[in-house]
2 protein chains.
Amino acid sequence: MDFYTHIGLPESWERRILELGKIYEPIQEDLVKVEAKLRSISEAAFPWLPKRLAYSLKRSGQLAKLLGYSLNSGGKRIRPALVLLSGKFYNYNLDYLLPMAAAVEVTHAATLVHDDAIDNSPIRWGKATIYRVWGEDKAVLLGDYLFAKAGELVATTQNLQVIKLLAQTLQIISTGELSQSFDAFNLKQTRQRYLQRISNKTASLFSLATESGAILSQAPEKSVKALKEYSHNIGIAFQIVDDVLDFIGTEEEIGKPVGSDLAQGTLTLPAMLLLERYPEDNPVKKLFQNQDKQKNIKLAIELVCNSPIVQECYQVASDYCAKARRNLDLLPDNASRQALAGLADYVIARKR
Amino acid sequence: MDFYTHIGLPESWERRILELGKIYEPIQEDLVKVEAKLRSISEAAFPWLPKRLAYSLKRSGQLAKLLGYSLNSGGKRIRPALVLLSGKFYNYNLDYLLPMAAAVEVTHAATLVHDDAIDNSPIRWGKATIYRVWGEDKAVLLGDYLFAKAGELVATTQNLQVIKLLAQTLQIISTGELSQSFDAFNLKQTRQRYLQRISNKTASLFSLATESGAILSQAPEKSVKALKEYSHNIGIAFQIVDDVLDFIGTEEEIGKPVGSDLAQGTLTLPAMLLLERYPEDNPVKKLFQNQDKQKNIKLAIELVCNSPIVQECYQVASDYCAKARRNLDLLPDNASRQALAGLADYVIARKR
C-alpha cells in the first residue's frame, strides 16, 4: 500500500506537500547564516577567555569533534526556521533572531544527546549516536556544554524575557522527559497524560521558537500568542507523527530501528489505541510485562500497521495542524505566513 | 598521627580555624533566605504556567522529591556564601544577590548530580546518590532541570553580564569535566594540565560566585577582579584538598569511599607526586594498566599517607590560599573581608 493511502491523507494532499527547501524560501539566506553560526560553535572557541587558557582548552580538539558531530548531523532545522519565519511579520532584526535561532537548535541538539544517552540509543538519523561512539559520560557532558552554549547565545539577544523563556522551556522539557521516564512500562496511562507529556517534551521547544521570534521582532501581544499557539499545535502533531513513524516507517526512513519507543517502554498514541482495541491478549501488554521482547514488538507493529490505528493517529495529528493553520489567520498575510502553513502540512506528510 | 600534624600545618593553625557558622556570621540571616529559596525550588512549582498545566506537572510530586533530595543533601553552601559575602563591600542588594546565590548553588547541585551519574558513584555526603536511588536517566534529567532552574534564577538578577557569565562558566565546567573524562587512566599528564582541569571544573564556579556578587553590588572593576582572583585561588586550593582527602580521609569524614578518584582513573596531585617518586614499581601505574584494582588502590593510599606527599600537596594548596588572602588586601576592611580570609583557612583545614 502506498504511504499516503496508508496514513489516510486525501489524494489531493500529496500535491500540497512542499519540500522543506521550498518552505524555507523566505528565510533561506538567513538559515545559511544559522548554519555558519552552528559551525562556528563547533569550533569550540572561547573568545572571552585569556588567550592562554582558551588555547589550552581548545588544544585537544576533542570538544570540537563532539560538537561538530552533534550539531551537523542531518537535522531538519525546523526550530531555527520557526524563529526566523515568525520574526518576519514585524521588525525583523537578525542581530537578535540569529542567536535565538541558534540557541533553539543548540538546545534541541543538547536534548537529543542526553536522550540518546538515557535510552542507550545506538543510532539516530542513520548515524551512530554520541552515546554510542564516545560513551555515556561524554554524551552527558557534551549535552551540558550545549545547554550552556544555548544560554550564552540567548543572552546575546539582550532580551530578558526570551532569556527567561528559554530557561523555563528547558525546565518543562526535562519535566516531560522525567515523566516519560517515570511512566516507562506503565500500561495505565490516559491519552491526556500522553498529550501533556509530548506537549512538555516536544511542543514546548516549538512554542519557544515562534514565541521568541515574535517577541524579538516586537510583534504585538496577540500575534505573539497566535504564533506560540501555532507552534504548540504543530509540535504536538510533529510528535504524534514521530510516534506513528516509529511503527510504520522503515529504519532507513526514520534513521533508527523501528519500534524503539516500545523497546524503551514508552507508551505512545498508537500503542495506547492498540491497548484499547485489544484489551486482553495484547503484545504491548505482554511486552511491558517483560515477555518475549522482540517477538511482541514485531507483533505490535504488525497489528498497528494492519489496523485503522494509523489513520486514527494521523487524524488526531491533522486536527492539530488544522488548528495551527487557523492560528495563522490573525497574522499579516505574507510569504512567511504561507511558509508556516506549508510547514503544518509538512509535519504531517513527512516520512522522516 | 594527629590530622593537622599529618597535613603539615603549623600548630598555630588549628587555633586559627574557624567554624563555618562563625565565618558565615556577617551573612547568616541572608543564608537562611537562600535556604528558603532552595526549599521553594524543591517544591517544583511552575508559577509562570497556566494553573491547569502547572497542576498536571506537579501532581506526581516525583520531581519535587528528586529536587528536595539533591538540594538538601548536606552541602556546605560555600558558593552562595561567597556570593553574599562579596556583595557586602559596596551596594548590597538582596533582590539581585539572593537569586544569584541560589543560582550558583543550584548549578553546583546540577554538576554533582551529573558527576555521580557519570562516575556511577553510589554515595556522596554519606547518602546514596540520586544516580543510585533513581537511576542514571533520572539523574541526567534532574541535572538538566537544575541547570535550567539556575538559568531562570540568574535571569531574575536582570543583569546581562552575570547571565552571560553563568552560561560561560558552565561551558568551562563541562569542558573541565570532559577533559577529565578524556584523560581517565592516562598516566602522562603534566601538573599544569591538572591545575588547568581543576581550575575549569571547580575554581571557575567559585570565581563566578564572587565575581557575580561583586558585579551585582556595583563594585568597581578592580574589586571585581580581586574578588574573582580570590575565589579562583581558594577554588584551586579547595580541589587540591579534596583530592588529598580522597587519600587520607576516612569514609565517614568525606562521605564517600576513599580512593574514589583512583578507581575512576582520575590522576590527581597526590597520585602524580607518587608517580614522580616511584617511577618504576608504582601501584597507580599498575592500577591504570588495569591490574589488581582494589589491591593497588589500597597500596597507593598507604604509600601516599606514609610519605611527605600529603604535606607537599597541602603546601601547594596553602600557597594558593595565601595568594587568595593577598587578593583581599585591596578591598575595604570589614566583617566580610575577615570572613573571606577565614574561609581561605577553612578550605585548608576542613576534614570534609
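Across the interface of chain A and chain B, zero salt bridges are found, a salt bridge being a side-chain nitrogen of Lys or Arg within 4 Å of a carboxyl oxygen of Asp or Glu. The model is predicted, with local features needing pLDDT of at least 70 and side-chain atom pairs counting only at pLDDT 80 or more, while totals for chains, interfaces and linings use all residues. Residues are numbered from 1 along each chain as its sequence is written.

**Interface of chains A and B**

- Contact (heavy atoms within 4.5 Å) links 45 residues of chain A with 45 residues of chain B.
- About 4600 Å² is buried between the two chains, 69% of it from carbon and sulfur atoms; this area is the accessible area (1.4 Å probe) that two parts lose on being put together, summed over both.
- On the chain A side, A:L141, A:Q171 and A:F182 lose the most area to chain B, together 14% of what that side buries.

**Helix 6 of chain B**

- The axes of helix 6 (residues 62-71) and helix 10 (residues 136-155) of chain B come within 11 Å and cross at roughly 80°.
- These two helices are therefore roughly perpendicular to each other, a term for angles of 65 to 115 degrees.
- Helix 6 contributes B:L63, B:L66, B:L67, B:S70 and B:L71 to this contact, and helix 10 contributes B:K138, B:L142, B:Y145 and B:L146.
- Buried residues (under 20% relative accessible area, 1.4 Å probe, protein chains only) in helix 6 of chain B include B:G68 and B:S70.
- The buried residues of helix 6 of chain B pack against helix 11 (160-182) of chain A, as well as helices 4, 8, 9 and 10 of chain B.

Terms used. Chains are lettered from A and ligands numbered from 1 in the order in which they are written. Side-chain values use heavy atoms; hydrogens and water are left out. Axes are lines fitted to C-alpha atoms, for helices over the stretch in contact, and angles run from 0 to 180 degrees between N-to-C directions. Helices (H or I, at least four residues) and strands (E, at least two) are DSSP runs, numbered from the N terminus. Angles under 35 degrees count as roughly parallel, over 145 as roughly antiparallel, 65 to 115 as roughly perpendicular and the rest as oblique. Buried means under 20% relative accessible area, exposed over 50%, partly exposed in between (1.4 Å probe, protein chains only).
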